[in-house]
Amino acid sequence: MAPGVRLVQKVSSTRAFARVAPHVVPVMDRTVHRLTRGKVLLSARMLPGLILTVPGARSGQLRTTPLACMPEKGTERSWILVGSNFGRAGHPAWTANLLAGPDEAVVNWQGRDIPVHATLLEGEEREEVWRAALKFWPPYATYQARVEREIRLFRLRGRDEAAS
């Protein structure tokens with residue numbers, strides 16, 4: 001575990017972080033990502049991260065969101081996204097966008113744009129991935145305990161791999 005990770009996990013589990021982070025972290029990530037021409041995602045220094053671009057569920061306008069992700073082992077083109085919304089009450093908007101357009105999403109991963117297919121995980125498959133997500137980033141348990149909704153989990157796969 002990288003130095004400082006436990007401290008960041010503890011801080012990220014607080015309600016204060018949940019109030020402030022959604023207004024600060026994505027703005028910093030977008031700015032640094034743009035300034036470095038896609039080479040750097042600031043929050044990825046702590047957790048793997050990607051940039052998700054998907055049409056808005058209602059507007060159809062492209063929405064770009066920097067997100068932490070859990071790369072799936074054994075592939076370079078499959079990721080798990082956790083719709084934790086920093087432990088806030090509502091589902092994050094990007095989850096509704098993926099539900100509305102699961103084949104319209106593109107991720108920028110390590111500077112490369114990759115068209116993906118998104119699948120909302122449910123049932124036993126969701127439970128298995130949720131256990132892995134809790135090992136990957138324990139604060140997700142605090143986020144889930146804080147909200148009444150079930151946190152959405154998505155698997156994103158490169159479209160060519162999703163078809164196979």
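## A first look at this structure

Val-24 is partly exposed, with a relative accessible area of 37% (buried means under 20%, exposed over 50%, and partly exposed in between, using a 1.4 Å probe and protein chains only). Welcome to a predicted model, where local features need pLDDT of at least 70, side-chain atom pairs count only at pLDDT 80 or more, and totals for chains, interfaces and linings use all residues. Residues are numbered from 1 along each chain as its sequence is written, and side-chain values use heavy atoms, leaving out hydrogens and water.

**Around Thr-95**

- Thr-95 sits in helix α3 (residues 93-100); helices are DSSP runs of H or I with at least four residues, and strands are runs of E with at least two, numbered from the N terminus.
- With 1% relative accessibility, Thr-95 counts as buried.
- Leaving aside residues up to four places away in sequence, Thr-95 touches Gly-83, Arg-152 and Phe-154 (contact means heavy atoms within 4.5 Å).

**Aromatic pairs**

- The structure holds four aromatic pairs: rings of Phe, Tyr and Trp (its six-membered ring) pair if their centres lie within 6.5 Å, with planes under 30 degrees apart counted as stacked, over 60 as edge-to-face and the rest as tilted.
- One of them is the tilted pair of Trp-94 and Phe-154, at 6.0 Å centre to centre and 55 degrees between the planes.
- Trp-94 lies in helix α3 and Phe-154 in strand β7 (residues 152-158), so this pair ties together parts that are 60 residues apart in sequence.
- Trp-94 and Phe-154 are both buried.
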